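Open the structure in your viewer and keep the selection tool at hand.

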Amino acid sequence: MAASLWVCSALRITLGGAASLRSAVGVVQISHLTCRASAASLHRCPEFLLNQSTTWQQSRHSSFFSKLTAEELWRGVLAETGAGARKGRGKRTKRKLKRDLNRGQIVGEGRGGFLWPGLNAPVLKDGAVQSFGRRGNAEQQEVQAELTQQRDEWERRRRMKVKRERGWTGNSWGGISLGHPDPGPNGETYEDFDSRVIEVKSVFNMTAKEGRKRSISCLVAVGNGNGLAGFALGKAADRQAALRKAKNRAKRHLYHIERYNDHTIYHDIDSRFKRTTLRMKKQNEGHGLHCHRAVITLCKLIGIKDMYCKVEGSVNLLNITRAFFTGLAKQETHQMLANKKQLHVVEFQSHRGPLPVVVASPKDGARPNPESEDEIPNTKLHWDDVRAAQGIKRSIWSGVKRTVW
């Protein structure tokens with residue numbers, strides 16, 4: 001008697017002890033003998049159902065996890081898209097982070113302890129091609145114990161809170177070192193550079209669908225302590241990502257700052273950016289840095305050791321940084337001044353008395369005719385400096401009556 005069977009792709013059939021047939025797509029028609037019969041014909045051939053060699057086994061070749069890519073699966077887990085995210089739902093909950101599920105996994109390694117050449121075992125050993133093998137029980141237990149210990153160590157490190165370096169204050173990110181920037185795309189390294197955090201703050205953007213969208217904005221400065229420094233802003237949803245972005249962006253915007261005798265600036269500088277004004281004064285060696293704390297951090301990255309700086313107006317850290325780098329980049333060295341005036345530049349030092357010291361000479365020689373004496377230099381004077389020079393500067397607390405106990 002003939003029989004015909006229609007099998008879906010989710011079934012695996014073995015007939016008469018022969019090799020199993022797997023249907024990949026669609027419907028597979030299996031003919032027994034030469035005739036076609038319906039499902040009702042199975043009741044008329046009981047010997048087919050009573051055959052002990054016929055095995056029915058369910059198998060699935062495609063699933064939800066094999067149809068989608070890893071990025072699509074992670075996007076669904078992290079809830080980065082969807083109606084709830086577009087409407088701003090759950091924005092105050094703890095954000096889920098993407099994890100590397102392949103971390104610690106070795107291809108071919110399992111509890112059975114099998115050795116697969118090319119995966120978890122070398123292909124060649126002593127010039128001979130290795131074959132499939134298996135570890136002993138004692139060796140396999142040692143390998144499993146080592147893997148377990150390694151995973152426990154990762155978990156302990158993840159839970160352990162790393163104590164960072166103290167910045168300007170105990171609870172502030174300002175002044176904290178982030179180490180040297182990451183290597184560049186062409187293999188260049190920045191081992192001699194250091195990066196410091198200037199400011200970390202939260203910023204918000206009001207959108208129509210998501211509402212108040214929060215981001216972290218970081219201002220980071222980098223420098224090698226030898227006249228090369230720069231700064232940049234980085235913005236991201238995560239603080240660590242924003243710091244890394246700002247640090248690696250700052251290395252692409254570097255300034256070369258000229259220093260007098262590698263310890264101070266060449267002359268007094270007045271620099272202004274928006275509502276912030278910086279008054280920088282050249283100081284002798286050993287004076288130190290008497291400046292704003294952000295300016296002190298920038299001076300250490302540049303390599304300036306002695307300077308006085310006063311901040312007037314707005315104390316916005318980004319404005320201070322921009323005004324500081326703008327003023328130092330525009331300073332005029334002694335050689336530039338000598339070439340401009342075509343005269344020798346001399347400096348009076350306290351330990352030499354009235355004897356001047358020539359610090360720069362013009363490149364093409366000094367001009368024979370000096371400047372006329374009736375030229376009035378257009379120098380902006382500050383009233384505090386004038387009072388200090390005339391000796392009439394008094395403290396505002398000098399006339400206050402103090403109680404004597």
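This is a predicted model: local features need pLDDT of at least 70, side-chain atom pairs count only at pLDDT 80 or more; totals for chains, interfaces and linings use all residues.

**Stop 1: the whole chain**

Show the cartoon. The chain has ten helices and 20 strands. Now colour by burial. Of the 405 residues in the chain, 27% are buried. Contacts come next. Among those with a separation of 6 or more, 52% are between residues 24 or more positions apart.

**Stop 2**

Select residues 177-179, which form strand 10, and residues 194-207, which form strand 11. These two strands pair in the antiparallel sense over two bridges. Pick Ser-177 and look across: Arg-196 in strand 11 stands opposite.

Find Met-206, whose bridge partner in strand 12 is Arg-212. Then follow the chain from strand 11 to strand 12. A hairpin of three residues makes the link.

**Stop 3: helix 7**

Select residues 293-302, which are helix 7. Is this helix mostly covered or mostly open? Helix 7 is mostly covered, with seven of its ten residues buried. Highlight them: Ala-294, Val-295, Thr-297, Leu-298, Cys-299, Leu-301 and Ile-302. An α-helix has 3.6 residues a turn, so residues three or four places apart point the same way.

What covers the buried residues of helix 7? The cover includes strand 11 and strand 12 from the previous stop. It also includes strand 13 (228-236), strand 17 (289-290), strand 18 (307-313) and helix 8 (317-329). Step just past the end of helix 7 to Gly-303, which takes a positive phi of about 115°.

**Stop 4: the second largest pocket**

Switch to a surface view. Rolling a probe the size of a water molecule over the atoms shows where empty space is left. The second largest pocket has a volume of about 580 Å³.

Select its lining in two parts. One part runs through Leu-97, Lys-98, Arg-99, Asp-100, Leu-101, Arg-103 and Gln-105. The other part holds Arg-151, Trp-154, Glu-155, Arg-157 and Arg-158. Colour the lining by residue type. Eight of the lining residues are charged, three are nonpolar and one is polar.

Conventions
Residues are numbered from 1 along each chain as its sequence is written. Side-chain values use heavy atoms; hydrogens and water are left out. On a 1 Å grid over the protein atoms alone, a cavity is a set of points where a 1.4 Å probe fits but cannot get out, and a pocket is an open set with protein on both sides within 12 Å along at least five of seven lines; lining residues have an atom within 4 Å of a point. Grid points are joined across faces, edges and corners, and a volume is the space filled by probe spheres set on the points. Ala, Val, Leu, Ile, Met, Phe, Trp, Tyr, Cys and Pro count as nonpolar, Asp, Glu, Lys and Arg as charged, and the others, Gly among them, as polar. Two strands pair if DSSP finds at least two bridges between them. Helices (H or I, at least four residues) and strands (E, at least two) are DSSP runs, numbered from the N terminus. Buried means under 20% relative accessible area, exposed over 50%, partly exposed in between (1.4 Å probe, protein chains only). Contact means heavy atoms within 4.5 Å.
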